Amino acid sequence: MFVTPAYAQAAGSSAVAGFGSLMPIILIFGIMYFLMIRPQQKKMKQHRAMVAALRVGDKVITQGGIYARVTKVKEDDAELEVEIATGVKVRVVRSTIVQVLAKPEPAVKG
């Protein structure tokens, strides 16, 4: 009928112990966010900006490793037309451009 003092004390501290057991999970999620998720989001944002800035004449590398020169850009379309050899033009999806090698020099009026 009587509750022992040790049993009564253990029941009162369960809320603190519950929060303490969640602390490592919260800490692991925080570390994963700053080491993996945030840098990946930053890289994706840079890639979207690079692809959006593509212009005619840019020399690029596609995801398949093909060096090409952009010949046609449609702003509202997800495709580009690139020239991979003299007279050989192919259409590629914008997001498959991995790197822009060189921007064309602007024409100098003189």
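How exposed is Arg69, going by its relative accessibility? Arg69 comes in at 32%, so it counts as partly exposed (buried is under 20% relative accessible area, exposed is over 50%, and partly exposed lies in between, with a 1.4 Å probe and protein chains only).

## About the model

This is a predicted model, where local features need pLDDT of at least 70, side-chain atom pairs count only at pLDDT 80 or more, and totals for chains, interfaces and linings use all residues. Residues are numbered from 1 along each chain as its sequence is written, and side-chain values use heavy atoms, leaving out hydrogens and water.

## The salt bridges

Searching the whole structure turns up two salt bridges (a side-chain nitrogen of Lys or Arg within 4 Å of a carboxyl oxygen of Asp or Glu). In one, the side chains of Arg69 and Glu83 meet at 2.5 Å, N to O. That pair ties strand S2 (residues 67-73) to strand S3, 14 residues apart (strands are DSSP runs of E, at least two residues, numbered from the N terminus). Glu83 has 16% relative accessibility, so it counts as buried.

Glu79 pairs up with Arg91, with the closest N and O atoms 3.6 Å apart. Here Glu79 sits in strand S3 and Arg91 in strand S4 (residues 88-93), 12 residues apart. Glu79 is partly exposed at 29%, while Arg91 is exposed at 63%.

Glu81 belongs to strand S3 (residues 79-85). Glu81 is buried but has no salt bridge, and the nearest side chain of opposite charge, Lys89, is 4.2 Å away (Lys and Arg count as positive, Asp and Glu as negative; His and the chain ends are not counted).

Setting aside neighbours within four places in sequence, Glu81 has contacts that include Arg69, Lys72, Lys89 and Arg91 (contact means heavy atoms within 4.5 Å).

Key. Helices (H or I, at least four residues) and strands (E, at least two) are DSSP runs, numbered from the N terminus.
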